[in-house]
Amino acid sequence: MSFCVDPVDVGDGIRVRATKLSRRAFSCCFPPLIPVASPVKFFFRRPPIILLLGLACLWQALATTAIAASAPTGWDTLPAILARIKAPNFPARDFPITDHGATPGGADCTSAIGQAIAACHMAGGGRVTVPAGVFHTGPIHLRSNVNLHVADGATLLFLTDSARYLPAVFTRWEGVECMNYSPLIYAFEQENIAITGTGTLDGGADWETWWAWNNKSKGAVKQKTARDRLIALGEKGAPVSERVFGEGDFLRPNFIQPYRCKNVLIEGVSIVRSPMWEIHPALSTNVTVRGVKIATHGPNNDGCDPESCREVLIEDCVFDTGDDCIAIKSGRNNDGRRVAVASENIVVRNCTMKDGHGGVVIGSEISGGCRNVFVEHCKMDSPNLDRALRFKSNAQRGGVLENVFMRHVEIGRVSEAVLTIDFVYEEGANGPFPPTVRNVVLENVTSNASPRVMWIAGFKGATIDGVRFVDCTFRGVEMAEMVSHATAVTLQNVTIEPAKKDAV
């Protein structure tokens, strides 16, 4: 289905109370009759058998319908999800990095921080504390039951010598598993880990170091050859042990990456100058990101990218980024389908989104699917924020993206649309895995200025279904809505006010 609505042609505003219902097919499957020599004789001699079979099937159908009707849906499922997200606790003992030889002001403190983490872990857990001052360090590897606490006035300034981030570790780079540079702060298969405090994590990146590896303004991008090779290895299913990258490959590390971890807390810190993605929990469960301030405008500087994670809470954070503020992912193409772990049960609330490609984005590395995303009580506003809610996939990525709910979100200005569903992204329809987006509800969402409310671009064979706007007001809309190859796009009690024309 395609349609186009031009708000400029209808006066001061559009108020829509419309409901479009898709057809649904219902069926009931009865057990097959047992063949006998004389069916008529069988029925009259044993009528209770047929009756009982029919009653049993009817009872099962009614019971299934009753259970489905009583099961919580939509926002009603949120309390149960939040009840499963619990920040880890740590013993009340501190391990100052200065007790292990760390000194502020320029000395390399990597070894001292590692020693403090090892001592804390061996003692059964606690806090590894970074006091006020600037401490230079290479990669930090967290261990179970360790809380890395960066105190007020403290800065961990990461070295930009890429060789320091070797040997390679097991990681995911743009949705493909590989061996590559260690993230600046990394944990692999650990439990009960945290990064807390009101200090600063400074990745040290700039256009002379990490960011230069993907500087499109200077012609050939350094990372392109290795990136293409990694994607090809993922497509053919090469073992991860054979996907080894390092010096000369220019695949930048993420800043913070808990990989296959449980019970993760990242709270209070400020993050600046990341080489690439800022916070990237991958294949992890029970993750809380709270009160974090991110301000970094390098290439691919996503704020928080939960990938193939379950039970994730992102709240009270501020995002001012060079790419997506929050981008939910689940693996790229065949490698994502090989791992086959969806992102699910993700809650975003009370956050502020400033600059970025999107406020909350699902994709594009989303081949494992995504379900049950809840966004509420957020504020998004910047002339450099492209969209509020964005889905992006294509027929190479595929993925089923469903049950996404946004409510009570205040949007100032976005430069493209409030909602974007982009299936013509990169390869578009060229591939055998058409994506699906379904059951998306925006409720009590307002905006002050945007070119469009929605920009929805599908293609034949892909599915975009069950998109609903309820009790929303969108002001300052400049262009006609664009919806292509979508079904059941519904607006209920929605006001769309066109932008005011300049006085003649």
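Helices (H or I, at least four residues) and strands (E, at least two) are DSSP runs, numbered from the N terminus. This is a predicted model, in which local features need pLDDT of at least 70, side-chain atom pairs count only at pLDDT 80 or more, and totals for chains, interfaces and linings use all residues. Residues are numbered from 1 along each chain as its sequence is written, and side-chain values use heavy atoms, with hydrogens and water left out.

**View 1. The whole protein.** The secondary structure comes to six helices and 34 strands. Of the 504 residues, 54% are buried (under 20% relative accessible area, with exposed over 50% and partly exposed in between; 1.4 Å probe, protein chains only). Among contacts (heavy atoms within 4.5 Å) with a separation of 6 or more, 76% join residues 24 or more positions apart. The protein exposes about 21,400 Å², and carbon and sulfur atoms supply 55% of that area (Shrake-Rupley method, 1.4 Å probe).

**View 2. The largest pocket.** A pocket is an open set of points on a 1 Å grid over the protein atoms alone, with protein on both sides within 12 Å along at least five of seven lines; lining residues have an atom within 4 Å of a point. The largest pocket has a volume of about 560 Å³, a volume being the space filled by probe spheres set on the points, which are joined across faces, edges and corners. Its lining holds 26 residues, and E174, N214, K216, R227 and N300 lie nearest the centre. Helix α5 (224-236) and strand β26 (385-392) each supply at least two lining residues. The largest share, three residues, comes from α5. By class, the lining has 15 charged, six polar and five nonpolar residues (nonpolar: Ala, Val, Leu, Ile, Met, Phe, Trp, Tyr, Cys and Pro; charged: Asp, Glu, Lys and Arg; polar: the others, Gly among them).

**View 3. The cavity.** A cavity is a set of grid points where a 1.4 Å probe fits but cannot get out. The structure holds one of 30 Å³ or more. The largest cavity has a volume of about 50 Å³. Its lining includes L142, Y186, Q257 and I266. Strands β10 (185-188), β11 (191-196), β13 (256-259) and β14 (262-267) each supply at least two lining residues. The lining has 11 nonpolar residues, one polar and no charged.

**View 4. Strand β18 and its partners.** Five of the six residues of β18 (residues 310-315) are buried, so this strand is largely enclosed by the rest of the structure. Strands pair if DSSP finds at least two bridges between them. Strand β16 (residues 285-290) pairs with β18 in the parallel sense over five bridges. There, V287 stands opposite V312. Strand β21 (residues 343-349) also pairs with β18 in the parallel sense, over five bridges. In β21, I346 is the bridge partner of V312.
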